[in-house]
Amino acid sequence: MTPAGKLLRWYRTHGRKLPWRETRDPYRILVSEVMLQQTQVERVKVFYRSWLKQFPSWKTLAEASNAEVIHAWAGLGYNRRALMLRDIARDVCLHGVPTSEDAWRRIKGIGPYTSSAMSAFAQKKRTLPIDTNIRRVLGRVLLGKPFPELSDDEMIGSHADSFIPRRGAYYDVPQAIFDLATSVCIKNPDCKSCPLRNDCKSAKQFLEGRVKIPKRSIAVTHERKHRNKPYPDRIYRGRILKVVREQGQIGIRELGPLVDPNFNKILDQIWVEAMVGRLITHALLSRRKNILTLPE
Ligand code: SF4
């Protein structure tokens, strides 16, 4: 049996049942993909359902205002994703649903991973949307690298055609790899329980204890932090948006203490205003004189 065949057999027993795996509707799949970009699966499940209740189709979403989508996205974070999703819906309503990976890629806001994921999951194309999960599993299996890096993606992608079967449930291969990556082929993998242990070029190294497992995640984030603040700015921007969403409107000078208990009028007001400016630039806030609201 091929490695992909073993993987698919394992997936039929161990794969997660997720609502977006029960559909080929490109709209629903795109909603899940955008939500999953920065949010955990369990959390996405809840928001996915409520989002689809409010915006069941491309058209309903395309017609929504900025304020409506920002309200509906509340709690998911990285709010620009909500506007981007709405803008994609507008594009699809104007030009139709793309039918190829290249066509998805031409839509503003859709990158190489998402265009490949849309082709694979909505249109059953033989393609590998390479994210950190697929990179980790296939980098280990095919390249023998215990901790593959971004620069390995091209090499991993070049194996896609021979790794993905031509018949059967070939379209489930990426989802099967995701599930293996989150349950078995984790940072410190459980190679003994892995369906690919006899095919994997890294298995021996792990099983013989020859791989040093890094304590921290290899990915390093360089998020901006202001002076002595404990969190990066994006957390405070999220709080600003939450205050405006909940209060409807607020004066910019009242905002500071509501988003930071240690707010210092002299040292932090410019910082808060800069974050407000950024939210305005991204169409997430409106400012009239000193009053902030959600944009129409
Ligand atoms: S054998 Fe080990 S390293 Fe290879 S894919 Fe399976 S869990 Fe990952």
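Visitor: How many Å separate the centres of domain 1 and domain 2, taken over C-alpha atoms?

Guide: This is a predicted model, in which local features need pLDDT of at least 70 and side-chain atom pairs count only at pLDDT 80 or more, while totals for chains, interfaces and linings use all residues. Residues are numbered from 1 along each chain as its sequence is written, and side-chain values use heavy atoms, with hydrogens and water left out. Domain 1 covers 25-123 and domain 2 covers 233-293, with bounds from an automatic or database domain assignment. Taken over C-alpha atoms, the distance between the two centres is 26 Å.

Visitor: How many residues of domain 2 are in contact with domain 1?

Guide: Contact means heavy atoms within 4.5 Å. Domain 1 takes part with nine residues, and the number from domain 2 is seven.

Visitor: What area is buried between domain 1 and domain 2?

Guide: The size of an interface is often given as the accessible area lost when the parts come together. Here buried area is the accessible area (1.4 Å probe) that two parts lose on being put together, summed over both. Carbon and sulfur atoms give 63% of the area between domain 1 and domain 2, which is about 780 Å².

Visitor: Which three residues supply 52% of the area that domain 1 buries against domain 2?

Guide: No other three residues of domain 1 supply more of this area. They are Ile 70, Asn 79 and Arg 80.

Visitor: How many salt bridges are counted between domain 1 and domain 2?

Guide: A salt bridge is a side-chain nitrogen of Lys or Arg within 4 Å of a carboxyl oxygen of Asp or Glu. A search of the whole structure finds 21 salt bridges. Between domain 1 and domain 2, however, the count is zero.

Visitor: Which helix gives the most to the side of domain 1 that touches domain 2?

Guide: Helices (H or I, at least four residues) and strands (E, at least two) are DSSP runs, numbered from the N terminus. Both α5 (66-72) and α6 (80-95) supply at least two residues of the side of domain 1 that touches domain 2. The largest share, three residues, comes from α5.

Visitor: Which helix holds Arg 253, the partner of Glu 273?

Guide: The closest N and O atoms of the salt bridge between Glu 273 and Arg 253 are 3.5 Å apart. Glu 273 is partly exposed at 25% relative accessibility, and Arg 253 is exposed at 58%. Glu 273 lies in helix α16, and the helix holding Arg 253 is α15 (residues 252-259).

Note on methods:
Buried < 20%, exposed > 50% of the residue type's maximum accessible area, 1.4 Å probe, protein only.
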